[in-house]
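Have the viewer open and follow along.

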Amino acid sequence: MQSPSDMPVPCAACESPRARPFGARRGWRYLECLDCGSLQLDPMPDAETLARAYRDEYSRAGHYAGTPEARNAAARRVFQGIGDAYAAHAPAGAAGPVLDYGCGWGGLLDELRARGIPCEGADLSRDMAAHTRAQGHPVHEAALEALEGEGRYAGIVMAAVFEHLTDHAATLEAARRLLVPGGLLVTFMPTARFARFFGKLFRLGLLRLPLPEIHGTLAPPWHTLLISASGLRALAGRHGFDIVDLRPGPVQSGNPANEALHHLNRLGWPLLGERWPLCPCHLFVLRKR
Ligand SMILES: [Zn+2]
């Protein structure tokens with residue numbers, strides 16, 4: 001357990017110092033940015049500690065339970081959505097492969113390969129990297145910042161990774177270096193509005209009550225930042241990216257509540273767009289300027 005810092009923490013998304021405690025869960029505290037609405041852990045866990053936890057514990061930590069095959073099957077709709085979003089914006093004859101950063105058990109790489117898109121993965125989990133290599137995918141066992149070179153990739157895709165980062169600026173800078181000019185960064189992740197909406201509703205507005213898990217979105221220490229759309233616009237803009245597409249994230253299949261949510265979002269999104277509160281996740285396409 002870490003104690004909350006005494007100093008105001010600037011928002012990792014929009015850099016505003018205006019924040020209020022949103023709630024605590026499992027000994028960790030989330031702050032709510034009063035300007036962009038993003039939720040972030042305070043304090044941010046130390047990157048080295050988290051990297052060690054990912055390498056040694058994450059694949060068994062229960063954050064993502066089930067066999068690799070079951071996990072990939074439940075997330076197939078997400079992987080297809082990412083593939084669709086990438087294909088919709090990829091320049092014709094894109095130079096270079098696509099990197100799946102945080103490739104996990106390899107389901108998204110399978111999807112990209114099935115579409116004929118050259119691809120490779122990177123992951124910090126030793127078990128996941130070994131499993132995905134055994135499926136025939138090249139996998140780097142490294143953080144994005146540690147990958148060398150410039151302009152290596154036509155695209156970088158991240159499925160449920162962004163919310164895990166500890167230094168979002170460094171990751172975006174690494175992505176910009178590794179992408180070709182005009183290259184795409186496609187990211188699917190849980191976002192702030194859904195967690196804020198249910199985090200308040202389930203506690204009847206009493207922010208001092210412990211935070212519920214809320215569809216797995218409030219999962220410390222793994223989920224460091226649940227960004228808002230406006231927060232991502234600010235952050236991406238500071239690091240040389242434009243958001244060229246914003247879509248509701250497909251909801252994983254596997255239980256009736258998820259199915260209901262998936263279909264409800266197809267009705268609500270056309271009405272309210274990014275103000276619709278029932279999308280646990282969104283899919284963003286960023287283009288390197
Ligand atoms: Zn903010």
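β4, α4 and β5 together form a right-handed β-α-β unit; a crossover is called right-handed if, with the strands pointing away from the viewer, the path from the first strand over the helix to the second runs clockwise. Helices (H or I, at least four residues) and strands (E, at least two) are DSSP runs, numbered from the N terminus. Within this unit, β4 and β5 run parallel and are joined by 4 bridges, with L99 standing opposite E120 in β5.

## About the model

This is a predicted model, in which local features need pLDDT of at least 70 and side-chain atom pairs count only at pLDDT 80 or more, while totals for chains, interfaces and linings use all residues. Residues are numbered from 1 along each chain as its sequence is written.

The mean pLDDT (the predictor's confidence in each residue, from 0 to 100) is 89 for the chain, and 94% of its residues reach 70 or more. Over residues 1–6 the pLDDT is below 50, and this stretch has 7 contacts in the model beyond near neighbours in sequence. Two residues are in contact if their C-beta atoms, placed from the backbone, lie within 7 Å.

## The chain as a whole

The chain has 9 helices and 11 strands. Its radius of gyration is 18 Å, close to the 19 Å that the globule rule gives for 289 residues, so the chain is as compact as a globular protein of that length. That radius is taken over C-alpha atoms, and the globule rule is 2.2 Å times the number of residues to the power 0.38. Along its principal axes, the C-alpha trace spans about 50 × 40 × 40 Å.

Among contacts between residues at least 6 apart in sequence, 70% join residues at least 24 apart. Buried residues make up 44% of the 289 in the chain. A residue is buried if 20 or more other C-beta atoms lie within 10 Å of its own, exposed if 12 or fewer, and partly exposed in between, with C-beta atoms placed from the backbone.

## The sheet

In what order do the 7 strands of the open sheet lie? The order is β6-β5-β4-β7-β8-β11-β10, and the pairing is mixed. The edge strands are β6 (139–140) and β10 (241–248), each of which pairs on one side only. Two strands count as paired if DSSP finds at least two bridges between them.

One place to look is D245, which stands opposite V285 in β11.

## Helices and core

Back in α4 (residues 107–114), the buried residues are G107, L108, L109, E111 and L112. Their cover includes α2 (68–74), α3 (76–89), β4 (98–101), β5 (119–122), α5 (126–134) and β7 (153–159). G116 follows α4 and has a positive phi, near 80 degrees. In α8 (residues 229–238), A229, G231, L232, R233, L235 and A236 are buried, and the buried residues of this helix pack against β2 (28–33), α6 (168–178), β10 and β11. G240 follows α8, again with a positive phi near 80 degrees.

A nonpolar core is a set of buried Ala, Val, Leu, Ile, Met, Phe, Trp, Tyr and Cys residues joined through C-beta atoms within 7 Å. The largest one holds 77 residues, of which A13, I82, I156, V157 and A159 touch the most other members. Leaving aside neighbours within four places in sequence, A159 is in contact with V78, F79, I82, G102, L108 and F188.

## Backbone details

Most residues other than glycine have a negative phi, and most peptide bonds are trans. R26, in the loop between β1 (19–25) and β2, has a positive phi near 50 degrees; with 12 C-beta neighbours inside 10 Å, R26 counts as exposed. A160, in the loop between β7 and α6, has a positive phi of about 55 degrees, and A160 is buried, with 22 other C-beta atoms within 10 Å.

The peptide bond from D42 to P43 is cis, with omega near 0 degrees. P43 is found in the loop between β3 (39–42) and α1 (47–56) and counts as partly exposed, with 16 C-beta neighbours inside 10 Å. The peptide bond from P220 to P221 is cis as well, with omega near 0 degrees, and P221 lies in the loop between α7 (192–201) and β9 (225–226).
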